[in-house]
Amino acid sequence: MEAIVDQDQKWLIDCLTATLDTNREVRSFAEASLQQASLQAGFGAALAKITVNKKIPFGLRQLAAVLLKQFIKQHWQEDEETFIHPVVSAAEKGVIRQLLLPSLDDSHGKIRTAVGMAVVSIAQCDWPEDWPELLPFLLKLISDQSNISGVRGALRCLALLSGDLDDSLVPRLVPTLFPYLNTILSSPHLYEKSLRAKALSIIHSCISVLGSMSGVYKSETIALIMPMLSSLMEQFSIILQPPVRSEDPDDWSIRMEVLKCLLQFVQNFPSLTEAQFSVIVAPLWQTFVSSLEVYQLSSIQGSEDSHSGRYDSDGVEQSLESFVLQLFEFLLTMVGTSRLAKVIRMNIKELVYYTIAFLQMTEEQIHTWSLDANQYVADEDDATYSCRVSGSLLLEEIVNVFDGEGIDSIIEASEKRFNESRQAKVAGSADWWRLREASLFVLVSLSEQLLEAQASGLTKFNLGNLLEQMITEDMGMGIHEYPFLHARVFSTVAKFSSVINRRICEQYLYSATQAIALDVPPPVKVGACRALSQLLPESNHEIIQPHIIGLLSSLTELLRQASDETLYLVLDTLQAAIKAGHEQSTSIEPVISPIILNVWAQNVSDPFTSIDAVEVLEAIKNAPGCIRPLVSRILPCVGSILEKPQSQPAGLVAGSLDLLTMILKNAPLDVVKAVFDICFNHTIHIILQSDDHGEMQNATECLAAFLSGGRQDLLQWGGDPGLTMKSLLDAASRLLDPDLESSGSLFVGSYILQLILHLPSQMSMHIRELVAAVVSRLQSCEIAGLKSSLIVILARLVHLSSPDVDQFINLLLTIPAKGYESSFAYVMSEWTKLQGEIQGAYQIKVTTTALALLLSTRHVELAKINVQGHLIKSGAGITTRSKAKLAPDQWTIIPLPAKIFSLLSDTLVEIQEQALDDDDEDSDWEEVPDDHGGIRREILYSSTVPSHVSPSVEHLDAMAKVLDEGDDDSYDDDLTKVDPLNEIKLADFLTNFFVNLSSTDGSLFNYLCQSLTHAQRSGVEKVLSK
């Protein structure tokens, strides 16, 4: 205690001691006293003095260090988020900095760590400007080979500091620091692996920053890297060269840090790395091959310690699994780097061969999955990050990069590993099945690429023959001993049914139906469910029908035992079985429906499970003869729920409305009436009275379904058509209330469209009120999707007013809009901005053609309105968030007719580009029709992209889907398919529009063409020249 020189220090020590007292009141008083003292000048310096005083008990020093770190975060710098008044004075800051640095070599590791963290907290604010002596001190400390504690403290401090380095500091730091780090790295006789790994982590951080700078400062970063690259690569090779050691997490950690550094070099400096990589290849391969031996013993067989869940003092995982994952990540990057892929190509067969062995199930996975089927399903479905997943990603990249050569290597290696599992089985090995399961796992993981290669002739192997050999050898044998192998075989058959002999597929289909009913391990049932889900839709009707009732019964029983992840799987399988059962499902409906309804009710607040349950109920509804008994079972329960919505559990009302919407979809008229009699008024009341947005959204969709199914008949069912119509209008009025939160109105567009389509004569009397309400809602809403749906309503009303579209324009001119001369000016301003965001084939068709109708009127008011044109590009370099705030996007302002003409031209150009024949780009363009003769949704969606805007991923995907996929019938399409506007051929419509405008008003046409881009003008000229 000799170092305590004043009463203040004595008081602080007593206070710290009191915070450890067993008496709660003493502790609380001491903590309050410390809190009060922290606001006084000198408190930080006093804590620092106690922290560095080696004569004070260790526990108090550590406590003082923790409080000091907290004090620094709260009081050091005023502009920090964590700042609390007062700020530390400059004099006190100097005292604290001087006290802390000499204690980085403290003999207690925890004190070194605490001091290092405090130093880093200060350095983040003060270094280098206000603390220039920090780096020289740290460099001196790490160079003192006689002071290992000092080296540890300085390295830890530098490691913590390197995580916050930026591009202004690293270029100055690297030339000075790296020679010291290289000395530590190259002196294994002086420094243990953990210290050398820490040095590598600092190197990694610095190279990472230099890599991020290399795009802009390429020559400068190369100049910094070049002098040290050769020596670093030499040290990397030395570390990777020896075989990986068992049960040695320090060995795994230092190799992992080497791989991280190499990863940064390969990603950011591939040309430099290529020149030096020859010294790495052999040691890297040695690490890869020898790590498999360790992984086999430690993780796969579980006979040695894999140190799973072990972390070092910095919180970095030191397990064998984390090391192998890093190894796979680096190999994956190598394969994807063109300069290094040639190294892989020379060893591709060996790499694939060894990788497959890494994908064997570990002892820990077998234990976990055997006890918990839900975890097994979750890990398989969600591709939980593991060596199996990481290795399969490496193999997938090999296929992507090396095409047929990669495919053949994977098939050849899988066959070789399969034969090895055969030999191991004959030799009596208990683990023979793991290698076989891993071989099948690889093939299943790459099934899509393998099947494509087989179909295109890219591979020299007969995939079907190999698979049949692999899956039939153990058919029906050892199902209890090797459940995971049998589960994998089931999923293999399901994935490759198109190339496997039909008789074998049928055998496995029958085996899967049997497995569901038998007392077999859960993994086997999981595999059977996966197989049934994929095989049943394509199964032979005559073969499956004799077993369908038994299968449905078994699945129903399995459903009672399922939970969480397995519940999704069983519901999915049950849905496939019901669809395959056809009329036989009728006999089991009384058994299945109540159980599914119970699952739905118990999980109604879980969107995933409830949706799966509703889909099963929909499959039952669509089975011959099932809809009426199902509805009679659902209606009483749902009716009572909707009658008293306020007293129901969360989610039950919204879920019940969702269930009703499913029942009403494409239902016979008598079923729609039965639902109407019990639930229509309740649905109206929910819209009028509920404040729950989920309930309002689902009730809106339900009302739209009522109108779609009931149409004009619906008005008569209530007894008083006028009263029913009033209810419908009241609901519309609530949903269009400008004061209602946008989320509650989200599906109002679909509902209003149904009113317009099915009750046109009744709605014609309310057009003015409807338009005013839509405009008002449009001005107050905040959701782009809702705005787009409201624009669609107005566009449909344009068509409704045809051929006298002027009348609709005049109507809008008489309706006020806040901030604009009229609703017409506001609507066209919003519409032309939003047109490119409108999605859906019907919606795009309606709005595009409505714009053409508006322009065709040549109404005098059109030319008086100016709207947003195109984005003015700034030449000021990269736009950062701060720049964006200071200078937001600027747009040109152009006349409305020019904007409409431009939008129509964009649509024309996009359709032309999509319709061009791949083999003859100069051929006449034509539409790509859907199954119903209309334009595909994806074409129409992509057609709204302005030609001067780079297409987004979504637009590119939409274009691809036009050529590759069939229609995706959505419920919205069902609601609008009765609209005669669906018959419009958009390409023909636009062609006629441009031709007619050119011939009837050449001066206007030529004027509007002046504002077009070259691509737009070319598209228009193409249709005019036909």
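**Notebook: salt bridges**

I looked up Arg 152 to begin with; its relative accessibility is 29%, so I put it down as partly exposed. The model is a predicted one.

I then looked for the partner of Arg 152. Glu 192 forms a salt bridge with Arg 152, with 2.7 Å between the closest N and O atoms. I placed Arg 152 in helix 8 (residues 148–162) and Glu 192 in the loop between helix 9 (170–185) and helix 10 (193–213), so this pair ties together parts 40 residues apart in sequence. For Glu 192 I noted a relative accessibility of 30%, which also counts as partly exposed because the buried class stops under 20%.

I searched the whole structure and found 36 salt bridges.

Next I took Asp 106 and Arg 61, whose side chains meet in a salt bridge at 2.4 Å, N to O. Arg 61 belongs to helix 4 (residues 58–75) and Asp 106 to the loop between helix 5 (90–100) and helix 6 (109–126), so the bridge ties together parts 45 residues apart in sequence. I recorded Asp 106 and Arg 61 both as buried.

My next pair was Arg 436 and Glu 473, where the N to O distance of the salt bridge is 3.3 Å. The bridge links distant parts of the chain, 37 residues apart: helix 21 (residues 432–445) holds Arg 436, and the loop between helix 23 (463–472) and helix 24 (483–495) holds Glu 473. I found Arg 436 buried at 0% relative accessible area, whereas Glu 473 is partly exposed at 29%.

Last, I noted one network, in which salt bridges with shared partners join Lys 193, Arg 245, Asp 248, Asp 251 and Arg 255.

Technical notes: Residues are numbered from 1 along each chain as its sequence is written. This is a predicted model: local features need pLDDT of at least 70, side-chain atom pairs count only at pLDDT 80 or more; totals for chains, interfaces and linings use all residues. Side-chain values use heavy atoms; hydrogens and water are left out. A salt bridge is a side-chain nitrogen of Lys or Arg within 4 Å of a carboxyl oxygen of Asp or Glu. Helices (H or I, at least four residues) and strands (E, at least two) are DSSP runs, numbered from the N terminus. Buried means under 20% relative accessible area, exposed over 50%, partly exposed in between (1.4 Å probe, protein chains only).
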